[in-house]
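Here is a short report on one structure.

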Amino acid sequence: MTVLSLFSLPFVALILSLWSSSAFASSDYHEHLLLHPLPQSSLLASFNFRSNTSQQSFDQQHFRYLPRALGQILQHAHTKELHLRFTTGIWDAESWGSRPWNGSKEGGTGVELWAWIDAPDDEAAFAKWVTLTQSLSGLFCASLNFVDSTRTTRPVVSFEPAGDHSAADQLHLLHGTLPGEVVCTENLTPFLKLLPCKGKAGISSLFDGHKLFDAAWQSMSVDIQPVCSANGECVVQIEQTVDMVLDIDRSKRSRYLANPIPRPVPNEQLVCDTSKPYNSDDTCYPLEKTNDKAWSLTEIFGRSLNGVCPLTELDGSSDQSVCLRVPHERGVFISEEAEEIKKDDGFTRCFKLAPSVPFDLSIPQQPVNTEVPLDEPVLHAERTIVGHGQERGGMRIIFGNPSNTSAVDFIYFESLPWFLRPYIHTLHATITGHDGVPREVPASEIVKETYYRPAIDRERGTQLELALFVPAASTVTLTYDFEKAILRYTEYPPDANRGFNVAPAVIRILDTAHDAPIYIRSTSLLLQLPTPDFSMPYNVIILTSTVIALAFGTIFNILVRRIVTLDEAAALGAQTLKGRLLGKFVAIRDRLRGKDTKVE
Amino acid sequence: MPAAIRNLRNNPHFLFARLPNLLSFICVVVGVVWLLLLPLNEYSRQTYISENALLPGQVHAYFTGSEQNIFRGYKRELEGLLNDGQARGGQKDEAEVTAAVSDKLQSILQAAGLKVATQKYEYTSAGITHQGENTYAIIHAPRGDATEAIVLVAPWITADDKLNLNGVTLALTLARYFKRWSLWSKDIIFLITPDSKSGTQAWIDAYHDMHPASVQPLPLKSGALQGALVIEYPLDHRFQSLHIVYDGVNGQLPNLDLFNTAVAIAGGQMGIGANLQEMWGHDDSYEHRLQTMFRGMTKQGLGYATGAHSSFMPYHIDAITLQTKGEGWEDEMALGRTIESLCRSLNNLLEHLHQSFFFYLLMQSNRFVSIGTYLPSAMLIAGNFTIMAIALWMRTGYYPESKPSAKPMNEKGSAEEKAKTDGIAERHLALPLSLVVGLHLLGLVPLWVFNNIFHQYFTTTTYIFVVVDIILPLFLAAILSNGLGLSNPIIPQQYHLIKSFSLLLLGLSLSTLATLNFSLSFMIGLLCAPLSFVARLQGSAPFRLATSSLGLVLLNLVSPPTVLLGVCWYMGISVETVLTQAAFGWDIWGMWTQVVVWCVWWPAWLIGCVLLWSSMF
């Protein structure tokens with residue numbers, strides 16, 4: 001992949017053009033939706049919402065588009081720049097090409113959070129970080145409060161601040177992930193509430209939790225950063241995106257609530273290959289439908305688009321809030337009030353929506369010769385756990401460089417839980433070149449720099465950052481061995497036999513010719529740890545405890561308790577050793593206080 | 001009671017020589033009786049689903065209707081390709097047909113929207129090369145992130161060497177059908193292997209990156225495997241019942257929950273009967289339960305792979321094979337629905353299967369005994385050797401040997417008299433120890449030979465070993481008795497020590513083995529049981545000669561090679577087949593049965609023979 005084709009990435013280009021036009025207005029709001037049908041009957045819907053608040057009004061807590069709830073958390077936690085990601089599923093790079101936003105708006109599976117915090121030293125920064133995670137946890141209904149010291153890392157080279165920060169700030173980058181967090185509708189609702197139109201109008205009215213979380217891949221992001229123009233005028237910018245890949249068939253099907261189950265179709269609806277000699281009423285070699293499936297917004301999202309958000313700045317290009325990437329030859333039906341604008345690249349068309357009129361868009365089935373070109377990803381990465389047994393294992397990471405001409409430089413960042421203990425000395429590299437013959441090379445030949453921070457049991461995880469490169473048209477395989485720690489009895493979660501999630505690795509591709517770095521994340525992994533058989537101890541402990549508590553409690557009660565009248569009790573109390581000691585104590589206390597001793 | 005103990009102390013011959021024999025014998029008898037009691041209702045239990053998440057048969061299976069048309073279409077397509085090859089005939093075309101079929105499989109799976117990859121492998125064992133190409137495809141869980149997966153395997157050739165055309169076609173149809181569902185929480189991998197023996201092994205090894213160089217790595221992977229199902233439908237007609245095969249390599253078993261789920265779904269939801277261990281007319285009687293259990297124990301004890309599912313077990317992946325049997329009115333769609341329902345159950349799993357038993361003996365599809373109940377049986381048999389070994393050790397230390405024979409030798413007589421008075425005798429350990437250790441190391445020779453020579457020599461080698469088993473103990477006994485002028489002749493105490501050490505090792509190995517592979521430990525224990533009771537005989541020469549010859553004949557009947565020949569003759573299988581399979585198991589499946597035979601059983605047996613031979617000198 002060349003630098004030129006990178007520039008031609010549609011998403012980036014579109015967003016850059018939008019951004020340059022109006023990024024520096026003191027307070028504004030933009031929203032944008034890009035629909036892009038992908039191979040294998042998928043549809044990428046990429047939503048983007050962006051608003052600004054001037055630094056001055058932000059400092060004075062004068063919020064307009066920037067949500068107050070979030071703004072106050074940032075101020076309280078001295079957070080200058082914040083990135084929050086909720087992601088589920090995997091992006092199928094083989095079929096769908098390179099990632100939307102070059103991967104910069106997505107996180108690893110689960111929840112990922114990183115922030116630059118202004119603090120005098122590391123401890124203070126961590127204290128602020130804890131404040132931040134606790135507050136965000138409440139705001140987004142996510143288990144972010146579980147991002148403790150074992151899940152927090154301080155990456156050195158993997159992330160760089162995207163905003164313009166003043167030199168006076170002492171910024172600390174903290175990064176935390178929750179790979180096991182299940183992202184669902186309870187995270188979407190607070191996300192929508194941050195938007196000025198709150199899902200009632202504009203493109204955000206398309207959001208339906210059922211559809212969003214039925215997607216093959218979806219990623220929600222919140223980015224807040226200060227942006228300064230050349231003349232020193234600064235704004236605080238919040239950008240929220242939702243990217244999802246919907247399966248067209250599946251989304252269309254569940255619209256008919258009576259029949260959301262993919263039952264076998266009736267015989268007469270089967271699409272068969274009639275050229276086969278055996279084709280008959282009861283024998284059918286199926287013909288799979290091609291990419292150009294018919295769909296419409298209402299079918300896919302289950303609701304229509306409710307006009308435009310009235311808060312949107314209506315100037316120039318930004319009023320074309322919905323864009324679609326299909327070849328121009330393909331027919332598209334839109335609602336009457338809307339206006340279609342075809343772009344010069346031959347594949348993009350945008351729609352100017354009428355305010356407060358529902359908008360729908362539908363594409364009929366149509367044989368098409370041209371296809372929208374997909375960008376090939378710059379790098380393929382795959383990370384798996386190998387080996388078996390409960391004591392040791394191995395990690396294997398495969399990087400493939402599809403380019404025939406240029407090598408790829410990148411940073412590989414991995415944060416491992418403390419109970420996975422890597423042996424860095426076993427780090428080996430294998431290169432498979434054009435000939436397909438694997439060659440073992442010393443890891444130092446591939447890895448240019450290593451940032452390694454070893455784990456401390458129960459305090460922090462391992463942090464490993466490697467700067468490495470993959471030569472052109474080659475595949476590099478990195479392997480290392482690790483040992484699995486045995487946890488304490490109480491440290492196992494209730495579903496201990498499921499395994500433990502290992503956070504995805506983050507790959508940042510360095511491209512000097514290009515401003516925005518490209519990010520790739522591997523899938524998260526499931527690590528099986530040696531797990532005791534909980535059922536037996538649990539049963540024994542619970543049963544015996546109950547029996548003993550019942551039996552002992554009752555018997556002890558009967559043995560020890562004596563039922564006496566109140567008068568007798570006082571008399572008895574005076575006679576016992578305890579009673580007499582208490583009496584003495586009271587007497588001494590009263591004497592000290594200067595009272596007369598009460599003599600009976 | 002104290003009187004009885006005092007009596008015992010006053011009668012050292014009973015205490016050291018008689019009592020251990022009695023105890024050992026009782027242990028063996030109780031061990032065998034224990035096993036025979038297991039099928040009774042009082043000792044076995046009704047199976048139950050332990051993992052609540054499985055919810056077997058709680059979902060409706062929709063795999064019907066027009067899916068059958070597609071099944072027929074796929075089947076005709078594959079049939080056409082296979083017949084094409086047959087029509088042209090000849091060995092040369094076989095590779096071509098395989099390639100064409102593989103391409104067709106890939107194109108069908110790709111068209112259904114799955115990610116497809118292939119893997120070539122090649123194994124060599126006993127001079128035979130096994131090679132092939134696995135084709136597999138992955139349905140990514142619609143919302144998942146590839147952390148967990150289920151495997152559906154359809155081998156082209158079933159475990160019974162039949163063409164599994166319906167099974168492969170069913171896998172393809174199910175792949176297309178499953179792709180439409182959005183409820184999968186785990187990836188589903190469809191694996192089509194050329195055979196049931198080596199294909200899955202190559203694939204699963206490569207999946208965990210534990211493969212040898214002759215096996216290609218996998219280009220496409222998913223997450224941790226949670227379970228595997230093998231589909232075998234080699235029949236041309238409708239079937240009657242499902243046969244569930246569950247034995248793994250080295251006697252490892254899948255979690256009982258998986259088996260129970262399959263039985264519950266097949267029997268409860270689909271109304272298809274479920275059989276196990278080839279017991280077709282199981283009437284739930286004691287005899288049938290016992291027979292089922294014995295069949296299971298034989299498979300477990302021999303430790304070979306009983307189907308494509310067996311290779312999964314060493315990686316702690318629970319797997320079973322579903323085979324269709326008999327002529328009835330269940331069609332491929334019923335099998336498909338069973339598999340659909342099973343997949344739905346596995347899909348429900350939140351954790352790896354761990355709730356239920358991993359160690360059990362099944363005696364009916366709904367009756368089992370768990371390890372706590374059956375283990376004492378093998379432990380008692382292993383314990384008999386340990387009891388004998390300890391008794392012999394004590395006897396050599398405290399109880400002077402052979403009072404009558406000591407009399408004539410006057411110079412030794414005084415020493416023995418002395419030993420008798422203080423009750424302590426010195427033990428001569430060097431010779432017994434080195435002999436026992438040496439013979440156990442010698443076991444590596446047959447182990448190496450039987451796993452490395454070419455398959456055509458297996459029969460000859462077995463007969464050679466029968467002869468070696470007669471000559472070697474005779475030779476050793478002669479050396480020991482006469483010393484060949486190199487060392488002093490052996491004294492009776494050392495014979496006891498040799499036996500003691502040998503039995504100690506045997507008891508130790510078998511009791512450890514009982515926790516890993518109960519059946520193997522039990523079988524070897526029974527075959528070795530006579531060794532507890534053979535010893536160097538004393539008495540008049542004709543008596544010794546007669547008894548020891550008879551003993552030797554009997555003992556040679558239970559030697560490892562003779563047992564092998566006998567079993568092969570009884571079952572009507574050739575020795576070569578069995579040994580080729582064993583070598584294959586050692587090379588590819590990682591089977592350990594041979595190690596137990598040649599390094600545990602054989603040395604102990606040799607020592608028993610040496611002791612008997614030595615009676616003749």
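## Two packed helices

Are α8(B) and α17(B) roughly parallel or roughly perpendicular to each other? They are roughly perpendicular (angles of 65 to 115 degrees count as such). Helix α8 of chain B covers residues 286-302, and helix α17 of chain B covers residues 518-528. Their axes, lines fitted to C-alpha atoms over the stretch in contact, lie 7 Å apart at an angle of about 90°. Helices here are DSSP runs (H or I) of at least four residues, and strands are runs (E) of at least two.

Contact means heavy atoms within 4.5 Å. From α8(B) come B:M297, B:T298, B:Q300, B:G301 and B:L302. From α17(B) come B:F518, B:S519, B:L520, B:F522 and B:M523.

## Basis of the model

This is a predicted model: local features need pLDDT of at least 70, side-chain atom pairs need 80 or more, and totals for chains, interfaces and linings use all residues. Residues are numbered from 1 along each chain, chains are lettered from A in the order written, and side-chain values use heavy atoms, without hydrogens or water.

## Where chain A meets chain B

Chain A gives 48 residues to the contact, and chain B gives 44. About 4000 Å² is buried between them, with 51% from carbon and sulfur atoms. Buried area is the accessible area (1.4 Å probe) lost when two parts are put together, summed over both. In chain A, A:P264, A:Y285 and A:H388 lose the most area to chain B. Together they make up 14% of what that side buries.

## Charged links

The interface of chain A and chain B holds four salt bridges (a side-chain nitrogen of Lys or Arg within 4 Å of a carboxyl oxygen of Asp or Glu). A:K276 and B:E77 form a salt bridge through their side chains, at 2.9 Å from N to O.

Key: Axes are lines fitted to C-alpha atoms, for helices over the stretch in contact, and angles run from 0 to 180 degrees between N-to-C directions. Angles under 35 degrees count as roughly parallel, over 145 as roughly antiparallel, 65 to 115 as roughly perpendicular and the rest as oblique.
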